Amino acid sequence: MASGVSGWLPFARAAAIGWMPVANCPMPVAPMANSKRQDELIILNVSGHRFQTWRTTLDRYPDTLLGSSEKDFFYNEEIKEYFFDRDPDAFRSILNFYRTGKLHYPRQQCITAYDEELIFFGIIPEIIGDCCYEEYKDRKRENLERLQDDQEENKDMKPPNMTCRETMWRAFETPHTSTMALVFYYVTGFFIAISVLTNVVETVPCGSTANQKDMPCGERYTVAFFCMDTACVMIFTVEYLLRLFAAPSRYRFMRSVMSIIDVVAILPYYIGLVMSNNEDVSGAFVTLRVFRVFRIFKFSRHSQGLRILGYTLKSCASELGFLLFSLTMAIIIFATVMFYAEKGSSSSKFTSIPASFWYTIVTMTTLG
Amino acid sequence: MYLFLKEKWEVEGLQTVGILLVVCSSLKLMHFLGLIDISTPDSVEDDFELSTVCHRPESMDKLQQQTKFTKKELQVLYRGFKNECPCGVVNEENFKTIYSQFFPQGDSSMYAHFLFEAFDTNNNGSVSFEDFVFGLSIILRGTINDRLNWAFNLYDLNKDGCITKEEMLDIMKSIYDMMGKYTYPTMQDDIPREHVESFFQKMDRNKDGVVTIEEFIESCKKDESIMQSMQLFDNVI
């Protein structure tokens with residue numbers, strides 16, 4: 001029974017007059033509650049702040065410290081008060097729980113201090129009211145995560161007796177632990193940069209030879225660029241194979257985003273090796289080389305910030321999706337309107353609704 | 001469409017109308033979806049209407065004169081009352097919620113409704129502290145006649161001075177609903193009707209199918225167990 005309605009008990013007993021005349025036997029005698037005793041004020045002295053309440057208020061929850069006889073251990077005979085050497089601010093919300101039946105979590109309170117107070121006074125945190133429960137849970141989770149992060153940082157102490165495979169994996173994942181790992185980290189970073197740079201420079205026009213006009217550098221110095229590309233791809237392949245070997249769960253490693261990026265980055269080269277003789281597919285092969293730009297995403301292993309950007313996009317994917325959807329809706333509506341508005345004029349460029357999509361998109365994104 | 005619209009301007013005019021319709025309906029649709037907000041100054045809703053009416057009871061001295069409670073008892077009653085109804089009046093929903101917390105295993109809403117009707121003496125849809133305390137004063141501190149009168153008032157649903165079998169059946173069913181399914185022995189569905197029959201047999205002296213106030217008081221006074229039960233109300237508070 002909720003504590004608040006205990007004041008209505010006389011009313012509930014009086015309402016029994018309704019079924020008394022129709023009862024076949026006399027009513028049983030009501031239990032003689034000890035509420036005959038006069039209700040008295042109790043003074044709770046918490047570190048000097050005096051809180052006063054009725055005894056019956058505290059008796060509502062007999063399985064807590066204040067509601068049971070456990071509080072007699074804190075009774076001070078000289079001042080005739082119950083003295084608790086605890087934080088008075090946290091005690092305020094605890095006393096309000098007895099008064100209203102709802103436990104609230106004050107926002108400015110530290111979560112661990114609040115938990116300790118609850119445990120001391122014998123109140124389980126699960127009864128926190130709906131209004132404050134989410135905040136409480138969030139703060140608790142943040143605290144736990146922060147503790148876990150701290151623990152992970154302290155795990156830099158190398159545990160003894162790691163196999164070669166485990167050492168390698170640790171070197172890959174946390175490069176600052178050993179010098180070899182650091183060297184490897186910087187070398188791969190350097191080669192990623194080189195590879196991206198060569199891809200870019202390949203397309204720059206290099207100056208004309210005698211018989212042809214400007215050609216891109218890639219066609220002029222084919223051998224040099226090919227050697228550069230081979231070297232980079234070899235380094236990346238070796239790195240990928242080493243990571244695959246060292247991974248504790250190979251299946252999970254192969255499914256992870258970073259390894260897929262690695263594979264996509266080196267695949268065009270191998271496909272090119274296999275198919276470079278066939279003239280028909282060389283057109284498609286050229287297009288495949290555009291995937292070499294994915295090598296730039298390999299930098300995200302080296303940059304925490306890039307990973308955070310990725311997580312952010314992932315976490316607000318639904319909002320971005322909704323934005324896209326509402327834009328599409330607006331585009332379709334306005335394109336339809338434009339099409340039908342210009343339909344009468346013979347020189348209109350809006351020959352069909354999809355044709356007016358382009359106009360609408362360009363106007364809506366204020367490109368003009 | 002072009003078959004019977006010869007003029008060019010007719011075609012164009014119709015297209016313009018069509019476009020306007022599309023634009024207006026899409027704006028309305030977006031307003032409906034909550035994407036945009038089209039509101040004129042009159043249609044802005046007043047969110048800060050005071051939806052509860054508060055009521056302050058009369059002074060304690062007056063209440064003490066009008067009821068038979070002591071000052072301390074009135075204090076205890078008012079504290080309990082105000083705890084559940086901070087605005088000073090109980091409406092029927094609140095009343096039912098409070099009462100159902102005392103009888104969790106049954107459905108006490110009908111009985112609570114009848115009780116509410118009995119407490120709400122001026123029929124304004126809410127029970128103030130005065131109504132509450134007057135009713136309690138009669139039940140807990142009144143004479144036997146007063147109490148029986150009050151019980152008769154509770155049973156007489158249309159307040160016409162006599163209890164018919166249908167009224168009694170409603171009351172009986174609400175009491176059985178309130179007791180819930182956990183009675184021993186378990187109740188069958190026709191028990192309330194039988195109970196009503198035995199009640200009328202006992203109370204209805206002149207067998208005219210209704211029980212008037214005099215018949216009720218007379219029969220109850222002759223019944224030993226009812227008189228015994230009435231004594232219990234003296235010690236409730």
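**Rings and chain contacts**

Author: Let's start with two residues: Y155(B) and F199(B) are both buried, where buried means under 20% relative accessible area, exposed over 50%, and partly exposed in between (1.4 Å probe, protein chains only). This is a predicted model, in which local features need pLDDT of at least 70 and side-chain atom pairs count only at pLDDT 80 or more, while totals for chains, interfaces and linings use all residues. Residues are numbered from 1 along each chain as its sequence is written, chains are lettered from A and ligands numbered from 1 in the order written, and side-chain values use heavy atoms, leaving out hydrogens and water.

Reader: How many aromatic pairs are there over all chains?

Author: Rings of Phe, Tyr and Trp (its six-membered ring) pair if their centres lie within 6.5 Å; planes under 30 degrees apart are stacked, over 60 edge-to-face, the rest tilted. The whole structure has 47 aromatic pairs over all chains. Take F190(A) and F191(A): their centres are 5.7 Å apart and their planes at 80°, so they sit edge-to-face.

Reader: Is F190(A) buried or exposed?

Author: F190(A) is exposed, at 52% relative accessibility.

Reader: What about a charge over a ring?

Author: Look for NZ of Lys or CZ of Arg within 6 Å of the ring centre and within 35 degrees of the ring normal. Here, K298(A) has its charged end over the ring of F236(A), 4.6 Å from the centre. K165(B) lies over the face of F200(B), 5.6 Å from the ring centre.

Reader: How many residues of chain B are in contact with chain A?

Author: Contact means heavy atoms within 4.5 Å. By that test, 56 residues of chain B touch 40 residues of chain A.
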